[in-house]
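Good morning, and thank you for making time for this item.

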Amino acid sequence: MIRKVVALFLALSLDLCLFYASDRFIFLGHVARLWLSAALRWSAVSLTVQVILGDLKPVLIRYITAHSALQAVFESGSRTLHGEDSLCGGAADARCWLMFSGAALGAALFWEITIPDQDDAAGSKEEKQKSRVLFMRVLRLFKPDYLLLLAGLVFLSLAVLCEMFIPFYTGRVIDILGSNFEQNEFLSALLFMGLYSVGSSVSAGCRGGVLMCAISSFTCRMKVKLFEALSKQEIGFFETIKTGEITSRLSKDTTLMARTVCLNVNVLLRTFIKTVGMITLMMSLSWKLTFLVLMETPITGLIQNIYDTKYQKLFQDMQNSMARTNDTANEVVFGIRVVRSFHTEMHEASRYDKRLMETHSLKTRRDTVRAIYLLARRLTGLAVQVFILYYGRLFIQNGQMTTGNLVSFILYQSDLGNNIRTLTYIFGDMLNSVVAAGKVFEYLDRKPQISTDGKLQPDQMKGHVTYRHLSFAYPSNPSKTVLQELSLELKPGQMTALVGPSGEGKSTCVSLLQRFYEPQEGEILLDGNPLRSYDHHYFHKKVAAVSQEPVLLSGSIRDNITYGLSDCSMEEIREATCKANAHDFIMKLDKGYDTEVGEGGGQLSKSERQRIGIARALIRKPQVLILDEITSSLDIENENKVLQTLASCPNQTLVVIAHSLKTVEKADRIVVIIGGKVQEQGTHQELMDLKGVYYKLKEQLFTEKTDQTQTEA
Ligand SMILES: Nc1ncnc2c1ncn2[C@@H]1O[C@H](COP(=O)(O)OP(=O)(O)OP(=O)(O)O)[C@@H](O)[C@H]1O
């Protein structure tokens, strides 16, 4: 630290001494004197810093070079381009030294932040690079709307061009009013001002309308694409990602990505055209003042860059926090019955409050960062305006510009500052918006881990299922092996009952048979072919399942039964509902098969939902039918009828998971699954005679409903 202070002190002293000494080089011309001074200052300061600190970092080299050479470059430039001396550089002046030091410092820091040398910043550079790639991808997705975008661009250019001339004519009006008043000149200036104002307003309105159309069409396309991609993902994906996050991507991020990218491009182009035009007009008014104004740019850029980096991080954190908050609300709405019955309303409210507070605290931090940024921005702008007024007064005194020119210049300057800020800001904002785009693309590009490109569609299927040395752990809990080396055979024309204590892997077995998950080891064969080799649609027609609590989708009973099938006759529907023992209750409803089931089938009882679920599976005439604890929702009468019908299908492979002895007894084969392995198998009598696990665990395996039946028997 001490070495750094000493280095700074010595370098400063040397630099100032040489800066003032340059006035003594009277044997040289003015420009040559400045260049010699620059070379001497550069060598002396670099050498001092190098000797004291031991090494010279690139950022320091850049700063020392800019600081030493700026005055000479500026003076040479103004002589070459304009044939006159600038107010700075004529003599060794402390104000000029300060101004060039500030500009060099700003430029060096700006460079350091935007194109950093350090390794730790390499990651952020890579991030920016990635954001650019994403941004270009979003632009390419706008392809079908290119015509609208082109129209928007034309209106945008017109609006900007018209807008640019308004301050120019304001200055002219002031000059006309201040000098010899000329009626005609005054009127023509007013007329042009009016025309440009109308032109700018009309074009800006058209630009806004056209761009909004492009945005809305893009959003719709993206939502559909994303929805398609999501619905193709495997079940494991939905278990590892929260619902709130998925809906947030679908609803918010698609809109955000379209709006911000499209609007940002609009603002970027508008600002760019305007900035170039304004700088040209300002140069024509006073090139010296223009340079003075432009010296603010690196400082503005620097402030903007720091703000963008901080804002981007907070923005992302806030997005995630909002998704978590939504998740909490969704969970409670979804499970409101549980919340009510356990009287946890207050607990859930405080959980939601906690999540909201997290979001709120992030918002507060974001607003604080924004407030500091605005303060820094205003102060810089103010400082530049003070300089302009000071030098402007000098130029008017010297006759280098008129009062009207200064007014026009100040009008341009205040706008230019905003535009330059916008140019740097918009870049950061575009990177922000592609954070949302990145998340959307992440889902769009995700390849489902369970392939659905099998082609096999044999005319005949027997429905012979073989589990071969299956080992499996759920993607959401990979450390827990649920099935271990499980081997099992399900034969056509047989009813196989899977039994075992709760949580031992029965439902997992049938989930794998439905291809909800892919086993880590082993495979399942259907008629000797791996499940993945079958055509996706064909496979799910041949293998159907009824789960413990079938989910119905909003729509009529008919829609739910024929779900996923294109043409089903009323005959087929009736046949399926009769087998599922659902026809009678459906006919008793006011609208029969056209009765709306409500969201999630909420307008029907559990047993009715279950029977519609069974009919939905049966209408497909599946070769393999899986019934996962359907008896838990059916009363004994319904259960008996359903099972009687199903058991009478001669060639079907029927797999039943049951906790009822009455059901299990009917099975041709009972498979006892414990610890993810097949422990025993055989008929009820064989297993009872064996006096193994089945015999010992009989009390535990079967529910009271069975015991009662047995007692009655
Ligand atoms: N989606 C899942 N993600 C992670 N683990 C799961 C998932 N589903 C089930 N498990 C776990 O896998 C194990 C086996 O569950 P499974 O549902 O297959 O048991 P089961 O024998 O059918 O139980 P039950 O008779 O209660 O339905 C359990 O320990 C369970 O916690």
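Predicted model: local features only at pLDDT ≥ 70, side-chain atom pairs only at ≥ 80, totals over all residues.

Glu485 sits in strand β2, and its phi is positive, at about 50°, although the residue is not a glycine.

A second residue may be set beside it. Lys691, also not a glycine, has a positive phi near 55°. Its place is in the loop between α23 (684-690) and α24 (693-701). Is Lys691 buried or exposed? With 9 other C-beta atoms within 10 Å, Lys691 is exposed, since the cut-off for that class is 12 or fewer.

I return now to β2 and the sheet to which it belongs. The strand order is β2-β1-β4-β5, in an open sheet of four strands with antiparallel pairing. Which strands form the edges? They are β2 (481-490) and β5 (529-530), each of which pairs on one side only. At the β5 end, strand β4 (residues 521-526) is joined to β5 by two bridges, and the two strands run antiparallel. Within that pairing, Leu526 has Asn529 of β5 as its bridge partner. A helix also belongs in this picture: α15 (residues 506-513) lies across β1 (465-473), β2 and β4, and it runs at about 115° to β1.

The next element is strand β8 (residues 653-657). All five of its five residues are buried, so the strand is largely enclosed by the rest of the structure. Which way do its residues point? Thr653, Val655 and Ile657 point one way, Leu654 and Val656 point the other way, and all are buried.

Strand β8 has parallel pairings with β3 and with β7. Strand β3 (residues 495-499) is joined to β8 by four bridges, and there Ala497 has Val656 as its bridge partner. Strand β7 (residues 624-628) pairs with β8 over five bridges, and Asp628 stands opposite Ile657.

I turn next to the annotated spans. An unreviewed UniProt entry lists residues 31-53, 146-169, 189-215 and 371-392 under "transmembrane region". What does the model show for two of these? Residues 146-169 are 100% helix and 0% strand, with the end C-alpha atoms 35 Å apart. Residues 371-392 are likewise 100% helix and 0% strand, and here the end C-alpha atoms lie 31 Å apart.

Helix α7 covers residues 183-231. How far does this helix of 49 residues reach? From its first C-alpha to its last it reaches 72 Å, close to the 72 Å expected at 1.5 Å a residue. The buried residues of α7 are Ala189, Ser203, Arg207, Val210, Leu211, Ala214, Ile215, Phe218 and Met222; I would draw your attention to Arg207 as one of them.

Finally, some totals for the chain. Its secondary structure comes to 25 helices and ten strands. Of the 713 residues, 34% are buried. Among contacts with a separation of 6 or more, 78% are between residues 24 or more positions apart.

Definitions and conventions:
Residues numbered from 1 in each chain as written. UniProt positions renumbered as here; feature names shortened; annotations may be inferred. Expected span 1.5 Å × (residues − 1). Buried ≥ 20, exposed ≤ 12 C-beta atoms within 10 Å, placed from the backbone. Pairing = 2+ DSSP bridges. Contact = placed C-beta atoms within 7 Å. Axes fitted to C-alpha atoms, helices over the stretch in contact; angles between N-to-C directions.
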